[in-house]
Amino acid sequence: MVSCMGSILEVDLTSGEIKKTKVPDEIYYNVLSGKGLGAWYCLKNIPAGADPLGPDNILGITSGALTGTGALFCGRWTVVGKSPLTGGWGDSNCGGMFAPAIKQCGVDAIFFRGVSEKPVYLYMDNRTCELRDASAYWGLDATEAEKRLTEDSQKGKKLPRVAVIGQAGENRSCIAGICNDGGRIAARSGLGGVMGSKRLKAVVLAGSLPIRSAQPERVKELSSVMGRKIKRMLVPPVSGAMLPMVGRMMGLPVSFPMDGAMSGMLLKKWGTPMNQALAVVSGDAPLKNWSGGPKDVPGANKEFNPDKILAMETAKYHCYSCPMGCGGMLDTGKVPGMEYDETHKPEYETMNQFGPLLVNNSLDSIFIINELLNRAGMDTISAGATVAFAIECFEVGILTKADTDGLELTWGNTQAIIALVKKMIAREGFGDVLADGSRIAARRIGKGSERLAMQVGGSELPAHDSKNDGHLVTHYAAEPAPGKHTVAMDLMYNAMSLCDICSWAPPAKLRNKKENLEPTETVALATAANACYTMMMDGAGGCYYGEMMGVHTFKLIEYLNAAAGWGRSGDDYMEIGKRVQTMRQLFNVKQGIDPASVKLPGRALGYPSLRSGPLKGVKAPYAKEQVSLHWKVMGWDGETGVPAPETVEALGINALLEMEVGA
Amino acid sequence: MIRVKVFTPFGLPNKKLDERGWMELPEGATFGKAAAGLGMPGPVAKICMLRLNGEALPFNTPLKDSDVISCVVFIRGG
């Protein structure tokens, strides 16, 4: 594939051996790069039963097939491996400026195996590739370590790009992520803990090799049209205070197709915090550990008005090749109790997980927690859900102050929440009980606490209620890395018009949201199509906000054909997505995960149902049937979720697994 | 003939559209003509904040094949 470098770097941290190896072109043709390349490599090379925190696990850091070609929205890198959180497939992706740096060093991915005796980091540029002593950086938070590694590694004008773990990763937390750009994080799946278990502090990349594409003029033309469109989008005259009113409209029980391009203007202005004001009243945001309605979080809309955040913004920033720029830096010098003068604009997920999910009405505390967790390199989704779990355990008497190191863990106790986050980062006292996420914490606590842990397959649920978006009933449980909203949702499907690039994707229609909670073939086709498309997007290194803009704005198929010099159809590419998704599921089966045992907690399905708000009384009684139909559309067994042998054969997976990388 | 993709307000069905939301128009048709054909003459189109390829363009703008007509919507996410 012209736009890929055609090689990977394999690093054995036990022996110190490093080798650059060629990848057969058939691999790129069949799985692209990014998550697909990672899925192929890990399925082939991680032995069954490997300890996620042991030497047999492999940690992969991958770039995308479109990254660096000039394609917009394609600056995301992906980390892959066996998740210590779920015991199955793990991946997470992240923006910033790190993704192209991988390819500029001449490889599409770096795979680490083994465990180093002492802390090390990998340094790589056009000529050098070596493991270096990281003792001086071990113990530093991710932001500080990145700063020092950048300064210490920079030779000329070229700024090295760094992916690094903080204290959470060093402490082998199962909810640790990997950070870059001073506060961005590949957070999910606990792969920062895997990196820490290998005593790999960082990856520092300073290459400058060119990245090619087959038809650069066509790539440029596609980017020019898209960039112009986004630049000209104007936000209607709506203030942040008006968003809850819009949210109430979104809470109506209707779902309909829409032009996803329109999402760009809101993200340009506010970034993802705009969703907080919409989500509390629309039913999108889980509240009070998934047990409450808007009435249970009074004042949340006023406190989390995104205009307040906008007023603190000192600079907007864009990830690599992003024309939208939803990121921003905030001046937090006047935030009481804040140790740092600035923080990245918190993402919606962070805001909700540490705000309304905990009945915490303090925006200031969100800034503090955001910076603490970004520096520690801990997933805010999992951390927030785990704190919610602990608070509810305290509220119902499962935990007392004797268990919590004296913390009064009541709903909305801001100071106790901040103190607990610090303990989790340091694995100190009660924080150690929670530092590996809610499922492991519930096992440690016992006393029937499992029912209060809002996790699926070990992965904490994010800030989108599956009762509001029925596709999530399927995705949260059926996704091989469960509990992720980023693989797909009804809203995304409505916005993307996949029916215009895929012959089997049903057109989105105006309908009652409850129809998404029914086990119908239409819903199953939609969930499968969306998941397959997202795998393709991940293989390209694409951003979900680009994806959400729809196939008429983000022309992924045209981009891939231009970059690779191919002339493949949408259906061809969707098959790549199905292949990657099937490989990820096969990885789980190989590692002993029983897909049928991965089930959503009752509250995510309306058991017990909410007593107020837009989701009052809403239930998802057919979750098992929905998942089963999704599996069947994927060509997997409807009862077990195991990919059918004929599907595996038809997708050519066995032949791909027999292929070897070559020196 | 040209084909344009249409997202009606709230996804309301419209007989001018095929199952996948495409509308056929003669070569040279304008944004305004398409809007009127959808039952949204100028004032209604303005209230619905109708956009052509994401932009608030004049209604006399000629349409091209594969253009997208849509109204402003709010999309959650994050």
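Predicted model: local features only at pLDDT ≥ 70, side-chain atom pairs only at ≥ 80, totals over all residues.
Figure 1. A contact here means C-beta atoms, placed from the backbone, within 7 Å. Of the 663 residues in chain A, 64% are buried, that is, with 20 or more other C-beta atoms within 10 Å of their own. The C-alpha trace spans about 60 × 55 × 50 Å along its principal axes. Local features need pLDDT of at least 70 and side-chain atom pairs 80 or more, while totals for chains, interfaces and linings use all residues. Residues are numbered from 1 along each chain as its sequence is written, with chains lettered from A and ligands numbered from 1 in the order written.

**Figure 2. Helix α15(A) meets helix α18(A).** Here are residues 380-395 and residues 438-445 of chain A, whose axes come within 9 Å and cross at roughly 30°. The axes are lines fitted to C-alpha atoms over the stretch in contact, with angles from 0 to 180 degrees between N-to-C directions. That makes α15(A) roughly parallel to α18(A) (angles under 35 degrees). On the α15(A) side look for A:Ala385, A:Thr386, A:Phe389 and A:Cys393; on the α18(A) side, A:Ser438, A:Ala441 and A:Ile445.

**Figure 3. The β7(A)–β8(A) hairpin.** Strands β7 (residues 120-124) and β8 (residues 129-133) of chain A run antiparallel, joined by five bridges; pairing takes at least two DSSP bridges. The hairpin connects them through four residues. Check out A:Tyr123, which sits opposite A:Glu130 in β8(A). Chain A has 27 helices and 19 strands, counted as DSSP runs (helices H or I, at least four residues; strands E, at least two) numbered from the N terminus.

Technical notes. Parallel < 35°, antiparallel > 145°, perpendicular 65-115°, else oblique. Contact = placed C-beta atoms within 7 Å. Buried ≥ 20, exposed ≤ 12 C-beta atoms within 10 Å, placed from the backbone.
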